[in-house]
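This report goes through side-chain contacts and surface features. Please have the sequence and the 3D view open while reading.

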Amino acid sequence: FYDMQLYHDPLQGAVARYTHPEYPRDVLDVFVYPVFNDAVNPVVTAEQQLSSELQKEIDDVELIVASREIKDVAISDIQAIDWQVDKRQYHGLYFDVVAADEDGEPMFTTTYLFQSKDKFIKFSANFPGRVADQMVKGALPYIEVPDPSPLMKSLRGEATDTSNES
C-alpha cells in the first residue's frame, strides 16, 4: 500500500495505490466510485454499464495516444471476465494496452472493471494482464463497498430512508 485519495467530488469516489515492494514503478491503482446511470437511458444492464464505462477509458487512452503522437499502440477489445475466487463469482470486463516508449521498451496498461452494489471497482495496472490477473483475483475478496449513500440515492431519484436521521 502506497497511498489513498478520497476525492472531494463524491462521484469520483476514492483511489488506493499499491506498488510492488521490489519494483516501485509497478503500480496497481484500485478505484471505487458510484455508478451513475445516464438520465437519457436509465435502464441498462450491468454489463452495458461496465462496457460503457470501459469504453470511456479506451477513449481517454486514444486521446492520449493521438495527442502525444505515440506509435505502435495496440488496444485490445473489451473482454469478459468470469472468475470464481474463494467460492464467490466475479463478473467483469477488462482491456489491455501495449505500446513502446521512446527507446522501444514495451509499456503496458491493463484495466479491469467490476460492479458491487451501486459502485464500480476499477483496477488499473501498468503491467501485463498475465501478471495483473492474479493480483486482481487476490484483491477482489477483500474489497467491501459501502451501501448507497443518501446523497447518491437522492441524485438517482431513489427514495431514501430518513427514519434514522435527526
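## Terms and basis

A residue counts as buried under 20% relative accessible area, as exposed over 50%, and as partly exposed in between (1.4 Å probe, protein chains only). The model is predicted: local features need pLDDT of at least 70, side-chain atom pairs count only at pLDDT 80 or more, and totals for chains, interfaces and linings use all residues. Residues are numbered from 1 along each chain as its sequence is written, and side-chain values use heavy atoms, with hydrogens and water left out.

## Aromatic pairs

Rings of Phe, Tyr and Trp (its six-membered ring) pair if their centres lie within 6.5 Å; planes under 30 degrees apart are stacked, over 60 edge-to-face, and the rest tilted. The structure has 6 aromatic pairs. One of them joins Phe1 and Tyr18 edge-to-face, at 5.5 Å centre to centre and 65° between the planes. This pair links distant parts of the chain, 17 residues apart: Phe1 is in the segment before β1 (3–6) and Tyr18 in strand β2 (residues 14–19). Phe1 is exposed at 62% relative accessibility, while Tyr18 is partly exposed at 35%.

Phe114 and Phe123 are also edge-to-face, because their ring centres are 6.2 Å apart and their planes stand at 85°. Phe114 is buried, with 2% relative accessibility, and Phe123 is buried with 0%.

## Salt bridges

A salt bridge is a side-chain nitrogen of Lys or Arg within 4 Å of a carboxyl oxygen of Asp or Glu. The whole structure contains 6 salt bridges. In one of them, Glu57 meets Lys122 at 2.7 Å, N to O. Glu57 lies in helix α1 and Lys122 in strand β8 (residues 119–125), so the bridge ties together parts 65 residues apart in sequence. Lys122 is buried, at 9% relative accessible area. The charged end of Lys122 also sits over the ring of Phe31, 4.5 Å from its centre (NZ of Lys or CZ of Arg within 6 Å of the ring centre and within 35 degrees of the ring normal).

Glu53 and Lys56 form another salt bridge, with their closest N and O atoms 3.4 Å apart. Both residues lie in helix α1, 3 residues apart, which is about one turn of the helix. Glu53 is buried at 14% relative accessibility, whereas Lys56 is partly exposed at 47%.

Notes: Helix = DSSP H or I, 4+ residues; strand = E, 2+ residues; numbered from the N terminus.
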